[in-house]
Amino acid sequence: MSDQYEKIRKKRQKWQEKTVKKALERFPYLKEAPSRFYTPLDTPDFDFLTQVGFPGEYPFTASIYPFDPRAGTAKLAARSKAGSGLTRASGYSGYGTPEDTRDYYKQNIERGGRQGPNLAMDLVTQCGYDSDNPLMAGEVGKVGVAIDTLRDMEIIYEPYQGELNLDRIASNFTINGPAIYLIAMYAALAENRGIPLDKLQATPQNDILKEYIARGAYIFPPKPAMRLFRDTLVFINQHMPRMNITSMGGYHIREAGATRIQDLAFSMAIACAYIQTGIDTGLEVDAFAPRFTFNAMGGSMEFLQEIAFQRAARRMYARILKERYGAKNPRSMLLREQMTAHIGPSSTTKQRPLNNLTRAVLGAVAGTLSGGPPSAFPPYDEPLGLGWSREAQQLSQDVSRILTCEAKLLEVEDPFAGSYCMEAMTDEIEKEAWAELKKLDKMGGIVAAIEKGYVQREVTRSAYDHQKKIANGDVQIVGVNCFTGEHELEVQTTRLVPHPYDPDRRARAEERQIASLKEVKKNRDNKDVKKLLTELKQQALQEEVNLVHHLIVCAKAYVTLQEVCDVFRDVFGEYDPPSIF
Amino acid sequence: MTEKKIRVLVAKPGLDGHDRGAKVIAYSLRDAGFEVIYSGLRQTTDSIIRAAIQEDVDVVGLSILSGAHLTLTRRVAEGLKAQGADEVVLLVGGVIPDEDIPTLREIGVKEIFTSGTSVNQVVESIKKHVHHNSPKEAGQ
């Protein structure tokens, strides 16, 4: 082999000196070739079985599954009644009041939808407040549905009965800060319907650590927040074996400005913190890690690097689970995501918005080439306001269908495997992410690094560097900082299909939700509520007590989300972020 | 005589935690030579008004990506007026649908910056509006 390498090395040098140099003479403004050509010299230690292996086998570089069933069933899906059989979870949704959201899901079911709710909650809920808190005015029912008490969950789930009852559907909850109480509410809802907890399928986001770095929907300081995480992990593990424990999100961190390497390293450090939490309770890693999942990681327009990133992320996660935590069950080692490579919402532009569809198609192609489904995410009208139009969603979905059925992109797994370029990029990304992860280890792990403000500052700095590059043209965005001359056509779009959420209902959502909360508070046993809250405080003060059991009792008594969180605020304090300057 | 530095409060009212834009603007305005105060997340409109008055700022920039911009901006504008600070230049940035822009202007917002705005545009706009308010400094 080394003979072969020597030959290539010599040949490459000759190519540089003759062919490349000669070509450069024709372009005097270029000092060196603006593109790169990879050779076996860029992957000198490449070993197929160690670095790639087979799809669905360690280290899962190619894919976490041996094949994508959608490659074969695309034709079937296209013929199915709903016509949308290429996706599993229902779309992220939640509008105004529980009644409004219920009606939306009802319509979905009438149209043949069979998926459970994928609940977006308003910020009031995400930050642990109630709709009737006067400081929340203007926010109730915005960006998601308002949930104050179990009553709201009962209303949302009204359409899910019979063959769509809680033991037949899977739910998603985008909730982090107060996730423990939402999980308790879902358990209470099931128990009240007589459904055993071990039949429930759901994925709570329950990834509090990234909230301190991105998104900002934190409530308590990191340490007590990790205790709440621990309680959910242990409870879900014991009583809800079909439920995921967490759905971690590197993509949120990327959207907040992190570089590719920071996205990977911080996400892995967060995963390590959650895994360690489980191990510290005395559990075997294989007992819970199979139910750790990821929302998504990555997100940028850099096509080849984003494909390499997904390969590196899968391999790194598998290695961490196996080598660091001694996992034996291959399922523990799977980096499960709902999508792989994609462009990320921050790549979209308000200017000439249809270009976002072009961008999203590229992301979807990268998705199929990086072991995932084609996700033309987000719909092209992402930057035009809050909420996607039906047209934009239709086009996004059609991208997946076209790439699957017409372009047949799912028919080969990891087509770049063995490519000198792709393997070199994958190795480089993983190597750099390990270096950053080890730096975090030395700081005492991600929780300590968040407490110090290190992670937040690093991400802000990266965001600022990126913005400066946009300003000076090092980063080019078509229609934004280049190709903006007067002869360009500012292509606009029209969105005519009405949004499913009636604007009149939207306008009165806050008022209606406050009225309905008032009604709940009037009709519940308030003496009992007071007693339960006193007990909750006592339990919260005892670090070793698992709070989920008592929270289910609280949920059944219609204790509000803010009442629970106020007890925790009292006991745990509130998170106070470090200064950015 | 040195020109008094323009003082800007970059604030995140309400619960919206998307602070990439606000932080980048805070850093950028500081680099552009302004005195910048960043409020941090989850500020009530009252605390923003209080900070604006106490810090004697020339500009308040609100960053809102949650759809709550009309309620929150109206409160800040009315609060500043009630405190006699209506000369403070009020700016709003974030995810703002086009149809809400006229309403925000009526409320008293001088400029609305949506996605794709360059930092330079923000800097120039601040200089223009602040100098418009204090004609003595114009042309310095």
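Predicted model: local features only at pLDDT ≥ 70, side-chain atom pairs only at ≥ 80, totals over all residues.
Two residues are in contact if their C-beta atoms, placed from the backbone, lie within 7 Å.

**Figure 1. Helix α3 of chain B and its surroundings.** This helix covers residues 69–82, which makes 14 residues. From its first C-alpha to its last it reaches 20 Å, close to the 20 Å expected at 1.5 Å a residue. Look for the buried residues of α3(B): they are B:His69, B:Leu72, B:Thr73, B:Arg75, B:Val76, B:Ala77 and B:Leu80. An α-helix has 3.6 residues a turn, so residues three or four places apart point the same way. Just after α3(B), you can find B:Gly84, which takes a positive phi of about 75°.

**Figure 2. Where chain A meets chain B.** Here 28 residues from chain A come together with 29 residues from chain B. On the chain A side, α5 (123–126) and α18 (454–472) each supply at least two residues. Helix α18(A) gives the most to this side, with five residues. Sorted by class, the chain A side has 16 nonpolar, eight polar and four charged residues.

**Figure 3. Two helices crossing between the chains.** Now zoom in on α18(A) and helix α1 (residues 20–31) of chain B, whose axes come within 9 Å and cross at roughly 70°. Angles of 65 to 115 degrees count as roughly perpendicular, and α18(A) and α1(B) are therefore roughly perpendicular to each other. Their crossing is right-handed. From α18(A), the contact uses A:Thr460, A:Ala463, A:Tyr464 and A:Gln467. From α1(B), the partners are B:Arg20, B:Lys23, B:Val24, B:Tyr27 and B:Ser28. By class, this contact has four nonpolar, three polar and two charged residues.

**Figure 4. Two helices packing inside chain A.** Helix α13 (residues 303–324) and helix α16 (residues 420–442) of chain A pack at an angle of about 55°, with their axes 8 Å apart. That angle makes α13(A) oblique to α16(A). The crossing of α13(A) and α16(A) is right-handed. Residues of α13(A) in the contact include A:Leu304, A:Ile307, A:Phe309 and A:Met316, while those of α16(A) include A:Cys421, A:Met425, A:Ile429 and A:Glu430. The residues of this contact divide into eleven nonpolar, two polar and three charged.

Notes:
Residues numbered from 1 in each chain as written. Chains lettered and ligands numbered in written order. Helix = DSSP H or I, 4+ residues; strand = E, 2+ residues; numbered from the N terminus. Nonpolar A, V, L, I, M, F, W, Y, C, P; charged D, E, K, R; others polar. Expected span 1.5 Å × (residues − 1). Buried ≥ 20, exposed ≤ 12 C-beta atoms within 10 Å, placed from the backbone. Axes fitted to C-alpha atoms, helices over the stretch in contact; angles between N-to-C directions. Parallel < 35°, antiparallel > 145°, perpendicular 65-115°, else oblique. Left-handed = near helix turned anticlockwise from the far one by under 90°.
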